[in-house]
Amino acid sequence: FNVSRVETTPFGDQKPGTSGLRKKVKVFKQPNYLQNFVQSTFNALTPQNVRGATLVVSGDGRYFSKDAIQAKADYSMLCCSQPAQVIFPYSLKGLGTLIIFISVTLTILCEDTSTSCWKNLLSLSFNSMASVIITKMAAGNGLRRVWVGQNGLLSTPAVSAVIRERVGVDVSNRLVFGSKATGAFILTASHNPGGPNEDFGIKYNMENGGPAPEGITDKIYENTKTIKEYLTADLPDVHPSSLPSYVDITTIGVTSFSGSEGQFDVEVFDSASDYIKLMKSIFDFESIRKLLSSPKFTFCYDALHGVAGAYAKRIFVEELGAQESSLLNCVPKEDFGGGHPDPNLTYAKELVARMGLGKSNSEVEPPEFGAAADGDADRNMVLGKRFFVTPSDSVAIIAANAVEAIPYFSAGLKGVARSMPTSAALDVVAKNLNLKFFEVPTGWKFFGNLMDAGLCSVCGEESFGTGSDHIREKDGIWAVLAWLSILAYKNRENLGGGKLVTVEDIVRNHWATYGRHYYTRYDYENVDAGAAKELMACLVKLQSSLTEVNEIVSGIQSDVSKVVHADEFEYKDPVDGSISKHQGIRYLFEDGSRLVFRLSGTGSEGATIRLYIEQYEKDPSKTGRDSQDALAPLVAVALGLSKMQEFTGRSAPTVIT
Ligand code: VG1
Ligand code: CO
């Protein structure tokens with residue numbers, strides 16, 4: 001292959017947010033938009049992480065990344081009455097592909113035609129496009145190889161795992177153990193909806209498997225502002241219906257290309273096997289299998305049509321013996337079935353209803369345990385029968401039980417960490433168990449340094465993110481396996497006879513021991529960006545006078561305690577000394593209650609204001625209240641202090657978790 005330099009001009013809006021660059025698909029479809037970001041990333045890395053390097057490229061399969069299975073199905077559904085392979089028998093496959101190729105090309109030429117068949121064909125060509133672009137640019141920039149999960153699918157935690165270690169194969173198909181990659185482009189906008197009118201995203205992860213730290217993302221952004229050219233190789237298109245020299249991403253194997261400067265390989269590998277191997281080295285699958293196969297225990301998992309579906313059947317059904325009927329929405333779809341792939345009480349409607357938490361209480365007895373994942377499977381929501389576990393409690397409970405219930409932690413925890421807005425439930429566990437404890441800004445990238453330095457084993461965020469130092473991303477399926485391990489451990493003697501210890505029992509016992517942190521988060525999505533900025537500016541200004549703050553607070557609600565400290569959270573990384581400022585506005589109360597205000601860094605339109613509300617209750621006789629009731633006075637204070645309705649025009653949040 002040959003490498004060419006292509007001239008380009010900068011875009012002004014390529015600043016990575018909390019977790020990479022997320023924009024509407026139509027923004028990403030602008031010529032050179034993706035190329036500029038990818039080249040700016042390569043330019044931000046050290047040369048040894050580019051030249052000769054191994055790069056993982058995959059994602060949650062959302063629209064504009066690639067979903068070859070979908071692509072094949074759509075081709076056949078739309079334009080043929082039978083599947084493409086039947087119409088084009090193997091010997092004629094090349095010809096068939098050529099016909100499809102020509103029709104796709106024609107479609108691109110007639111972009112504005114409105115027949116749905118043409119439109120859909122057009123969308124298919126875009127599905128593969130992001131990976132095609134990145135793969136060619138990788139070859140153009142002198143990388144040695146690209147690893148692609150089969151069909152372009154890898155969950156974010158699986159990407160992190162395979163960067164750190166995978167069993168690869170060499171060109172002669174020999175197994176190579178302990179291979180590592182130098183980094184990854186993850187194609188996902190995570191919990192944001194997908195589809196032609198929704199979001200696409202891309203982020204770069206480093207060789208430790210974790211998201212690029214701020215030093216790198218700042219550099220990427222600087223590069224995007226001055227970029228003049230990008231490098232690309234003239235590889236034949238990576239197309240799902242394979243012409244002889246094309247890489248077929250539906251099929252496992254290595255394709256090699258030779259260029260003027262050497263060889264370049266694209267290796268397609270099984271999306272789940274390395275990840276499953278890792279999970280088996282962490283958990284006692286046998287004890288979880290016993291739990292899942294006990295008639296006393298019922299289970300349900302909702303992938304919300306995200307990439308978790310590519311793992312759920314293999315792990316929960318094939319490895320652990322759950323029934324297939326316990327899987328909901330486990331077929332990955334490029335538009336997540338039109339839903340919002342965010343595992344919370346608002347968006348995971350089907351699961352919530354099944355678990356007996358919905359409004360219409362059906363006759364059917366809900367399962368004992370339910371869980372959901374987001375689009376890229378790094379988030380988790382854990383539910384018991386008619387019972388919601390807040391993510392802040394979840395990480396605290398996992399930390400409190402890890403050593404006994406999870407073999408990976410049997411030697412003890414190195415330390416624990418949470419993001420700033422996450423409740424202090426974990427702090428209490430750390431104190432009681434005498435563990436190192438860290439409070440970091442929002443976003444998983446801050447946990448990585450602690451883990452690399454051996455300071456942290458378990459960490460979590462209030463935003464349905466939980467994980468450990470087995471990788472450098474939060475891990476949705478890991479969190480479910482952690483909970484199943486705890487349940488298996490607590491019920492190790494009850495599965496034959498005796499009453500099952502339920503999710504709710506575990507949480508209530510935890511509150512009885514450690515006290516309860518009542519917690520809620522209000523999200524005001526897609527509000528006017530200017531108004532959101534003003535609201536935040538007013539809250540910062542107000543912090544200069546606590547007397548004034550307390551006058552306002554007691555005017556709104558006389559029975560809440562006093563604000564004793566107010567600031568903007570700032571973090572100094574204990575490992576590399578880097579400082580991150582403006583990480584959220586905090587109001588801290590005398591009784592330990594907290595109000596936190598932040599602007600989201602993952603949205604793609606307008607602004608999202610997040611309001612986090614927390615109150616600690618130590619008295620065991622008072623830990624059983626409904627959390628919205630218990631927090632009502634503090635909510636009133638938060639809304640009044642911030643003049644939420646006045647600034648945003650919203651009388652209620654979009655989502656409450
Ligand atoms: C949100 C969450 C944050 C999480 C981030 C990425 O960020 O609050 O805790 O780490 O999403 O998660 P923000 O800036 O919108 O509040 V994911 O699953 O979208 O990668
Ligand atoms: Co996610």
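Predicted model: local features only at pLDDT ≥ 70, side-chain atom pairs only at ≥ 80, totals over all residues.
How are helices H14 and H18 oriented to each other? H14 and H18 are roughly perpendicular to each other.

## The chain as a whole

The protein chain has 657 residues, and buried residues make up 51% of them. Its secondary structure comprises 22 helices and 28 strands. Among contacts with a separation of 6 or more, 73% are between residues 24 or more positions apart.

An unreviewed UniProt entry carries the annotation "domain: Alpha-D-phosphohexomutase alpha/beta/alpha" for residues 14-72, 127-230, 274-383 and 392-492. One of these spans, residues 392-492, is 45% helix and 16% strand. The C-alpha atoms at the ends of residues 392-492 are 26 Å apart.

## Helices H14 and H18

Helix H14 takes in residues 391-405, and helix H18 takes in residues 503-514. Their axes come within 11 Å and cross at roughly 85°. An angle of 65 to 115 degrees counts as roughly perpendicular, and H14 and H18 are therefore placed in that class.

The contact brings together Asp393, Ile397 and Ala400 from H14 with Ile506, Val507 and His510 from H18. By type, the residues of this contact are four nonpolar, one polar and one charged.

## A sheet of four strands

Strands in the order E18-E17-E19-E20 make up an open sheet with mixed pairing. Strand E18 (437-440) and strand E20 (465-468) are the edge strands, each of which pairs on one side only. On average, neighbouring strands of this sheet are turned by 15° against each other, with direction ignored.

Strand E19, residues 458-461, runs antiparallel to E20 and is joined to E20 by four bridges. Glutamate 461 has glycine 465 in E20 as its bridge partner. Helix H16, residues 445-452, packs on the sheet and touches strand E17 (416-419), E18 and E19. The direction of H16 makes about 150° with that of E18.

## The loop between E12 and H12

Strand E12 covers residues 299-302, and leucine 304 lies in the loop between this strand and H12. Histidine 305 is found in the loop between E12 and H12 as well. Leucine 304 is not a glycine, yet has a positive phi of about 50°. For histidine 305, also a residue other than glycine, phi is positive and near 60°.

The cut-off for a buried residue is 20 or more other C-beta atoms within 10 Å.

## Alanine 322 and its surroundings

Where is alanine 322 placed? Alanine 322 sits in the loop between helix H12 (309-319) and strand E13 (327-328). Because alanine 322 has 25 C-beta neighbours inside 10 Å, this residue counts as buried.

Leaving aside residues up to four places away in sequence, alanine 322 touches Leu292, Phe299, Phe316 and Val317. Leucine 291 is 31 residues from alanine 322 along the chain, and the C-alpha atoms of the two are separated by 9.5 Å.

Key. Residues numbered from 1 in each chain as written. Chains lettered and ligands numbered in written order. UniProt positions renumbered as here; feature names shortened; annotations may be inferred. Helix = DSSP H or I, 4+ residues; strand = E, 2+ residues; numbered from the N terminus. Buried ≥ 20, exposed ≤ 12 C-beta atoms within 10 Å, placed from the backbone. Contact = placed C-beta atoms within 7 Å. Axes fitted to C-alpha atoms, helices over the stretch in contact; angles between N-to-C directions. Parallel < 35°, antiparallel > 145°, perpendicular 65-115°, else oblique. Nonpolar A, V, L, I, M, F, W, Y, C, P; charged D, E, K, R; others polar. Pairing = 2+ DSSP bridges.
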